[in-house]
Amino acid sequence: QPESLEGKRRQPNVLVTGTPGTGKSTTCEQIAEATGLRYINVGDLVKTQDLHCGWDDEFSCHIIDEDKVCDALEDQMGRGGNIVDYHGCDFFPERWFDLVIVLQTDNTVLYERLEKRQVGYSQNKVTENVECEIMHVIVEEAMDSYRQEIVQVLPSNTVEDLESNVERTVQWYKQVMCQVR
Ligand code: DAT
């Protein structure tokens, strides 16, 4: 547990990362609801604020402009009180986050979730994402980018997992807020 928050923040910032389909947005929404943390979906932000630098034909998606994203979020992150959702984590400033959660899903479960996803989610993308999960790409990225003490790798296979992940994060938040006050 951090004894004080980085910089001048009066509330913590939490990052929830993981392969697409592991449950980041569902988890973030529930934590935001219970804590009052502001939910920031970086993928949506890239679209609504045009924070991209081109189009990737192979995967039919925008190529994120990481510098623009960091500039757009800097002030807000400096104030604290945010929960950030993105399927990558190596380009955010390390100092932004007090807790980094990496969600993990068994590949058969993940495959089914991604197959069910919005029409137009190509087979290419489903396979790519399941492989990303099997290779532990995001877990390793998080381990390489943040202090081990603040990284929590949590299973997200079942509704019980979801509830438990939300509950433990809400408890962490309450404890941090007691220490800050
Ligand atoms: P992400 O934001 O990581 O792409 P999501 O929150 O949109 O993922 O979840 C993908 C789908 O899986 C969605 O229909 C909700 C469901 N889901 C998420 N976490 C789950 C869990 N722990 N158990 C069962 N279903 C889950």
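Valine 14 has isoleucine 83 as its bridge partner in β5. Keep that pair in view. The model is predicted: local features need pLDDT of at least 70, side-chain atom pairs count only at pLDDT 80 or more, and totals for chains, interfaces and linings use all residues. Residues are numbered from 1 along each chain as its sequence is written.

Now look at the neighbours of β5. Strand β1 pairs with β5 in the parallel sense, over three bridges. Two strands count as paired if DSSP finds at least two bridges between them. Strand β2 (residues 38-41) also runs parallel to β5, and four bridges join them. Here isoleucine 40 has valine 84 of β5 as its bridge partner.

Strand β5 itself covers residues 82-85, and both of its faces are covered. Asn82 and Val84 are buried on one side, Ile83 and Asp85 on the other. A residue is buried if 20 or more other C-beta atoms lie within 10 Å of its own, exposed if 12 or fewer, and partly exposed in between; the C-beta atoms are placed from the backbone. In a regular strand, side chains alternate between the two faces of the sheet.

Next, step back to the whole chain. The protein has seven helices and seven strands. Helices (H or I, at least four residues) and strands (E, at least two) are DSSP runs, numbered from the N terminus. Along the sequence the pattern is β-α-β-α-β-β-α-β-β-α-α-α-β-α.

Turn to helix α7, residues 159-180. Its 22 residues reach 32 Å from first C-alpha to last, close to the 32 Å expected at 1.5 Å a residue. That expected span is 1.5 Å times one less than the number of residues. Which residues of α7 are buried? They are Asn165, Val166, Thr169, Trp172, Tyr173 and Val176. These residues lie on the same side of α7 because they cover an arc of only 125° around the axis. The arc is that of the directions from the helix axis to the C-beta atoms. The other side has exposed residues, including Glu160, Lys174 and Cys178. The buried residues pack against β1 (14-17), α1 (24-35), β6 (99-104) and β7 (151-155).

Last, the overall size. The C-alpha atoms fill a box of roughly 50 × 35 × 30 Å, taken along the principal axes. Of the 181 residues, 32% count as buried.

Methods:
Contact = placed C-beta atoms within 7 Å.
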